[in-house]
Amino acid sequence: MTAATQLSRSALLFLSRREGLKDVATRLGPLRELAGRFIAGETLEQAVEAVKGLNAQGLMASFDHLNEAVSKAAETQDEVREYRRLLARIDAVGVRANVSLKLTQCGLLFDKKLALENARVVVREAAARGSFVRVDMEQSAVTQATLDTVRALHAEFGEAHVGAVLQSYLRRTESDARALCAERVRIRLCKGAYLEGPEVAYQDKKDVDANFVRVMKVLLDSGVYHGIATHDERMIDATLDYAAKQRLPSSAFEFQMLYGIRRDLQVRLAQAGFPVRIYVPYGRYWYPYFMRRLAERPANLWFVLKNMVKG
């Protein structure tokens, strides 16, 4: 990664955390146009239609309602209602999907007990419907609180209904993976997309990748059904090679990818017989998520700027 690219990525990740930009961004046509590549719409019904299309290609999905870093208790209740409505809609339509939930939607930044109770309501709804909630991982400042919450929910509802996410760019992740696997917590392993300092996160891509492979092996050795979340074909090949070496069936784990990224690879893996789940975000407040996707490929920023100049 060049110095210019690293600077662009850092700037985009910094901007992704500017709360005041959420409303402004949703009114900018060029941003909305490009965001459409990564976001399945602003409404639940638009997202459901997108997932129907994915299911038709042999792909599963995980819905994510976008509205992180909620700062008011009343707004957390809106999120809980949306997730209960979402779970009911999945049931009614019969799409092959579960849901992903960020604890900052539930109030984690200002009231951990409230966040736990809100998340409990969502997981209880999912359990009643035979579904599953993946609790997303966010910035490192809330990693421990997030894992504490997942453990509390896991103790109550079990591995069939709630799981966690770990990020291979965090130095603590291998240790967390071993502990969670011992407790039979289902994990989604991804690389991570937040701006983190060297004291908590690997800064060099080769170190992030090496940790990804180490943790992937821990997951596949655990006997628990996990998600390997990556678009990096080298990480996918490493997973396939290790699974073959360990003589694991294709049903022992699933690959996970983001909506709108490497659609060709998604379909190819599904056609080869591997379970593939697509993370499908929707909602009005797509700005922070979209900026993190831009940061993964800063060249996309020039597309936005060019269209803004054109008006």
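Visitor: Where does Ser 62 lie?
Guide: This is a predicted model, in which local features need pLDDT of at least 70 and side-chain atom pairs count only at pLDDT 80 or more, while totals for chains, interfaces and linings use all residues. Residues are numbered from 1 along each chain as its sequence is written, and side-chain values use heavy atoms, with hydrogens and water left out. Helices (H or I, at least four residues) and strands (E, at least two) are DSSP runs, numbered from the N terminus. In that numbering, Ser 62 belongs to strand 1.

Visitor: Is Ser 62 buried or exposed?
Guide: Buried means under 20% relative accessible area, exposed over 50%, and partly exposed in between, with a 1.4 Å probe and protein chains only. The relative accessible area of Ser 62 is 1%, so this residue is buried.

Visitor: And which faces of strand 1 are covered?
Guide: In a regular strand the side chains alternate between the two faces of the sheet. On one side of strand 1, Met 60, Ser 62 and Asp 64 are buried, and on the other Ala 61, Phe 63 and His 65 are buried. Six of the six residues of strand 1 (60-65) are buried, so the strand is largely enclosed by the rest of the structure. The covered faces are therefore both.

Visitor: Which residue of strand 2 stands opposite Ser 62?
Guide: Two strands pair if DSSP finds at least two bridges between them. Strand 1 and strand 2 (residues 97-101) pair in the parallel sense over four bridges. Within strand 2, the residue opposite Ser 62 is Asn 98.

Visitor: How many bridges join strand 1 to strand 8?
Guide: Strand 8 covers residues 276-282 and runs parallel to strand 1. Met 60, for example, has Arg 277 as its bridge partner in strand 8. The number of bridges joining strand 1 to strand 8 is six.

Visitor: What separates the C-alpha atoms of Ser 62 and Gln 256?
Guide: Contact here means heavy atoms within 4.5 Å, and Ser 62 touches residues including Asn 98, Arg 188 and Tyr 279. Gln 256 is 194 residues away from Ser 62 along the chain, and the separation of their C-alpha atoms is 9.2 Å.

Visitor: Where on helix 8 do the buried residues fall?
Guide: An α-helix has 3.6 residues a turn, so residues three or four places apart point the same way. In helix 8 (residues 173-182), the buried residues are Thr 173, Asp 176, Ala 177, Leu 180 and Cys 181. Seen down the helix axis they fall within an arc of 125° (taken from the directions from the axis to the C-beta atoms), so they line one face.

Visitor: Which exposed residues does the face of helix 8 turned away from its buried side carry?
Guide: The buried residues have cover that includes helix 7 (143-157), strand 4 (162-167), strand 5 (186-190), helix 9 (205-221) and strand 6 (226-229). The face turned away from that buried side carries the exposed residues Ser 175 and Ala 182.

Visitor: What is the phi of Arg 184?
Guide: Most residues other than glycine have a negative phi, and most peptide bonds are trans. Arg 184 lies in the loop between helix 8 and strand 5 and is partly exposed, with a relative accessible area of 36%. Though not a glycine, Arg 184 has a positive phi of about 60°.

Visitor: Is Arg 247 buried or exposed?
Guide: Arg 247 also is not a glycine and has a positive phi of about 60°. Its place is in the loop between helix 10 (233-245) and strand 7 (253-258). With a relative accessible area of 79%, Arg 247 is exposed.

Visitor: How many aromatic pairs does a search of the whole structure find?
Guide: Rings of Phe, Tyr and Trp (its six-membered ring) pair if their centres lie within 6.5 Å; planes under 30 degrees apart count as stacked, over 60 as edge-to-face and the rest as tilted. The search of the whole structure gives a count of six.

Visitor: How many degrees lie between the planes of Phe 253 and Phe 255?
Guide: Phe 253 and Phe 255 are both buried. Their rings are 5.4 Å apart centre to centre and edge-to-face, with an angle between the planes of 85°.

Visitor: Which residues form one aromatic cluster?
Guide: Trp 286 and Phe 290 make an edge-to-face pair, 5.7 Å centre to centre with 85° between the planes. Both Trp 286 and Phe 290 are buried. The cluster consists of Phe 38, Trp 286 and Phe 290.
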